[in-house]
Amino acid sequence: MKPRDASHHNTAQPKFAVGLTGGIGSGKTTVADMFAELGASVIDTDAIAHQLSAAGGIAIAPIIAEFGADFIDAGGAMDRARMRALVFSDPDARLRLESILHPLIRTETARAAEHAEGPYLIFVVPLLIESGNWKQRVGRILAVDCDEQVQVQRVMQRNAMPESQVRAIMATQASRQQRLQAADDVIVNDGDPAALLPQVAQLHTRYLSFARLL
């Protein structure tokens with residue numbers, strides 16, 4: 001197996017890059033942390049979004065301008081619960097929020113990639129399948145896959161959400177089938193976390209070999 005297309009890895013993207021994705025509760029962060037422990041440079045777009053919308057983050061002023069101060073919490077950060085409720089009930093509001101965050105995320109992601117020191121990059125992108133431009137920016141797509149009921153149970157426990165809200169979030173994401181069709185590599189995370197490491201280690205070896213080809 002070879003990377004799908006390495007021709008776009010020019011000076012703007014000098015390293016072999018993997019796009020890691022998966023539905024909410026699939027275990028993306030756990031898998032990404034394992035790759036990081038093996039030496040990969042992991043760049044998490046969700047973490048970047050949190051930094052941008054934290055107190056003092058550069059997205060706060062445009063969020064206030066677009067949505068009003070009611071969407072900022074007492075600590076000065078974006079009120080995530082309130083914003084989540086709005087964007088999941090109002091597609092136009094979601095587009096307005098994305099128009100603020102996505103350009104900033106792209107800039108910060110590129111900056112992080114420039115300074116990355118690992119042999120290859122892993123971009124953690126929850127909505128990679130839904131976002132057309134990411135597929136052109138990575139050599140391979142890695143999906144973390146699990147049964148949808150497992151996803152629901154994990155998120156209900158982790159975030160103390162009712163099942164209806166979890167399923168509403170899942171409904172806005174690509175389906176399990178769409179992710180599997182788009183993926184070059186798949187990690188199955190249905191049960192025992194101990195089953196993850198052999199899968200991660202095998203792919204790490206493969207990605208190191210791809211990185212050496214560039």
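**View 1. Elements that cover helix 1 in this predicted model.** The buried residues of helix 1 are covered by elements that include strand 1 (17–21), strand 2 (41–44) and strand 3 (121–124). Strand 4 (140–145), strand 5 (185–188) and helix 9 (196–213) are also among them.

**View 2. The buried residues of helix 1 (residues 28–37).** They are Lys28, Val31, Ala32, Met34 and Phe35. Seen down the helix axis, these residues fall within an arc of 155°, so they line one face of helix 1. Gly39 follows the helix. The phi of Gly39 is positive, near 115°.

**View 3. The largest nonpolar core.** This core holds 30 residues. Ile63, Phe67, Met83, Leu97, Leu121 and Phe123 touch the most other members. Two or more residues come from each of helix 2 (45–52), helix 3 (60–67), helix 4 (80–89), helix 5 (91–115) and strand 3. Helix 5 gives the most, with 6 residues.

**View 4. A second, separate core.** It has 20 residues. Phe16, Ala40, Val124 and Ile187 are among them. In soluble globular proteins, nonpolar side chains tend to be buried together.

**View 5. A nonpolar patch on the surface.** Leu180, Val186 and Val188 form the patch. Together they have about 200 Å² of accessible area. Val186 lies in strand 5. Is Val186 buried, partly exposed or exposed? Val186 has a relative accessible area of 37%. Buried means under 20% and exposed means over 50%, so Val186 counts as partly exposed.

How values were computed
Residues numbered from 1 in each chain as written. Predicted model: local features only at pLDDT ≥ 70, side-chain atom pairs only at ≥ 80, totals over all residues. Heavy atoms only, no water. Buried < 20%, exposed > 50% of the residue type's maximum accessible area, 1.4 Å probe, protein only. Helix = DSSP H or I, 4+ residues; strand = E, 2+ residues; numbered from the N terminus. Arc of directions from axis to C-beta. Contact = heavy atoms within 4.5 Å. Patch = residues over 30% accessible without salt bridge, like charges linked within 9 Å, V, L, I, M, F, W, Y side chains within 5 Å. Areas by Shrake-Rupley, 256 points an atom, 1.4 Å probe, with all protein chains shown as cover. Salt bridge = Lys/Arg side-chain N within 4 Å of Asp/Glu carboxyl O. Core = buried A, V, L, I, M, F, W, Y, C linked by side-chain atoms within 4.5 Å.
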